Amino acid sequence: MTAPGFTVGVVGLGYGRAHISAFQANGCQVVALCQRNLATAKAVADTYGVPHVFERWEDMLATAKPEIVAIAAPPNLHLPIAQAAFAGGAHVLCEKPLALTRAEAKAMVEAAARAGRIGMTGFNWRFSVAMQRLHAMVEEGALGRIFHVGGRWLGARWADETSAPTWRMDRAQAGTGSMGDMGVHLVDFVRWTFGEFTRVSARAGIAYRDRSAPGVNRPPDAEDFCTVMGDLASGAQVTLTVSRVAHGVNENTLEAYGSRGAVSYRMLREHPRWWSGELRAAGPGAMLQPMPLDPAPAISDRDPMDVIGKALVAPLVTRFLEAIRTGRPASPSFEDGLRAQAVLDAVGESVAHGGWVDVAH
């Protein structure tokens with residue numbers, strides 16, 4: 001639980017709704033919400049008992065003066081909001097991708113350092129029971145030397161051609177498409193558990209060329225699906241597949257094979273208590289077998305954002321608050337967001353020009 005008086009302002013109420021329940025579950029006072037549609041903001045505020053709503057994030061920072069700012073707005077707004085929040089003395093939890101480019105992400109890291117404040121990147125999918133166990137197994141050396149890693153993040157949100165477009169179809173607002181929205185979590189899984197990317201090669205595509213972002217009078221330019229090959233500093237090879245136009249599926253997976261064994265993770269959204277995830281593992285000469293896991297928390301699944309907030313964002317917020325109280329580095333940090341952004345930039349360059357592209361560090 002956080003100390004009395006810790007106040008939070010949330011900018012963006014799409015995924016930001018998960019942040020509200022996560023901070024409240026950690027004993028924080030969510031005092032302000034910001035959304036361009038004020039009627040939506042008021043409705044969400046009434047649901048969660050938040051006293052103040054704003055249309056402009058500048059007004060929220062100046063009037064509510066929250067001690068913590070959670071940024072869940074489109075990526076083109078992450079840098080200015082974070083810089084203003086840090087300048088006002090707030091700590092910042094920012095959704096991924098951290099920024100539009102590596103240069104912007106670096107500016108955010110530097111702004112946090114100048115202000116002496118904590119910046120955390122919203123890589124909340126690290127915190128499923130299964131993913132935590134996978135990470136621990138690799139840390140303990142259960143797989144030995146890693147040979148190759150594979151991951152998939154597939155969803156059907158925009159698989160239907162008639163699905164309403166959003167700002168996510170526009171690079172000027174989103175920075176990237178499916179890679180920044182979904183694939184960046186795979187990048188984080190790999191970096192966190194297996195080490196840094198050194199180079200990537202990628203191909204991507206757009207499903208429906210007439211589905212432009214609202215108010216944008218040109219074809220969409222943010223990828224709907226992408227395939228990435230990568231090399232890690234350890235010598236391991238990586239393959240990633242990402243799609244937001246995959247009919248019939250909503251899942252993410254990660255598997256790794258090494259000199260001493262293998263591990264396979266899967267999170268399938270339609271399963272009961274899906275937020276726990278599933279894990280299988282194998283030692284030398286054995287086949288993959290289900291791994292026993294600690295029980296996942298029981299959470300009402302009536303509101304998907306509440307489930308994500310309480311089951312997966314709340315543990316991240318717990319670590320964020322610990323970093324604020326102790327002054328120790330946050331994890332996942334803004335630096336993690338910056339390094340993941342460097343991979344996204346390299347993927348984008350490879351898609352645009354072809355071939356292998358070195359990842360900047």
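Modeller: A salt bridge is counted when a side-chain nitrogen of Lys or Arg lies within 4 Å of a carboxyl oxygen of Asp or Glu. Please note that this is a predicted model, in which local features need pLDDT of at least 70 and side-chain atom pairs count only at pLDDT 80 or more, while totals for chains, interfaces and linings use all residues. Residues are numbered from 1 along each chain as its sequence is written, and side-chain values use heavy atoms, with hydrogens and water left out.

Biologist: How many salt bridges does the count come to?

Modeller: The rule gives 20 salt bridges. One of them joins arginine 218 to aspartate 170, with 2.5 Å between the closest N and O atoms.

Biologist: Which parts does that pair tie together?

Modeller: Arginine 218 is in the loop between strand 8 (197–205) and strand 9, and aspartate 170 is in the loop between strand 7 and helix 7 (171–174), so the pair links parts 48 residues apart in sequence. Helices (H or I, at least four residues) and strands (E, at least two) are DSSP runs, numbered from the N terminus.

Biologist: Now the sheets. What is the order of the six strands in the open sheet?

Modeller: The order is 3-2-1-4-5-6, and the pairing is parallel. Two strands pair if DSSP finds at least two bridges between them. Strand 3 (52–54) and strand 6 (119–121) are at the edges with a single partner strand each, so one side of each has no neighbour in the sheet. On average, neighbouring strands of this sheet are turned by 20 degrees against each other, direction ignored. Axes are lines fitted to C-alpha atoms, for helices over the stretch in contact, and angles run from 0 to 180 degrees between N-to-C directions.

Biologist: How many bridges join strand 4 to strand 5?

Modeller: Strand 4 (residues 68–71) and strand 5 (residues 91–94) run parallel and are joined by four bridges. Isoleucine 68, for instance, is opposite histidine 91 in strand 5.

Biologist: Which strands does helix 10 touch?

Modeller: Helix 10 (residues 334–353) packs on this sheet and touches strand 5 and strand 6, its direction making about 45 degrees with that of strand 6. Contact here means heavy atoms within 4.5 Å.

Biologist: At what angle do helix 8 and helix 10 cross?

Modeller: Helix 8 (residues 178–194) and helix 10 cross at roughly 120 degrees, with axes that come within 10 Å. That makes helix 8 oblique to helix 10, because angles under 35 degrees count as roughly parallel, over 145 as roughly antiparallel, 65 to 115 as roughly perpendicular and the rest as oblique. Among the residues making the contact are Val184 and Val187 of helix 8 and Val343 and Leu344 of helix 10. By class, the contact of helix 8 with helix 10 has seven nonpolar, one polar and three charged residues. Ala, Val, Leu, Ile, Met, Phe, Trp, Tyr, Cys and Pro count as nonpolar, Asp, Glu, Lys and Arg as charged, and the others, Gly among them, as polar.

Biologist: What is the order of the nine strands in the other open sheet?

Modeller: That order is 14-13-12-11-7-10-9-8-15, with mixed pairing. Strand 14 (289–290) and strand 15 (357–358) are at the edges.

Biologist: How does strand 7 pair with strand 11, and how with strand 10?

Modeller: Strand 7 (residues 146–154) pairs with strand 11 (residues 251–258) in the antiparallel sense over eight bridges, and histidine 148 is opposite tyrosine 257. With strand 10 (residues 237–243), strand 7 pairs in the parallel sense over seven bridges. Valine 149 has valine 238 as its bridge partner there, and arginine 152 is opposite threonine 241.

Biologist: And what about strand 9 and strand 10?

Modeller: Strand 9 (residues 225–232) runs antiparallel to strand 10, and seven bridges join them. Their hairpin has four residues between the strands, and glycine 235 takes a positive phi near 100 degrees.

Biologist: Finally, which residues of helix 6 meet helix 8?

Modeller: Met131, Gln132, Leu134, His135 and Val138 in helix 6 meet Phe189, Trp192, Thr193 and Phe194 in helix 8. This contact has six nonpolar, three polar and no charged residues.
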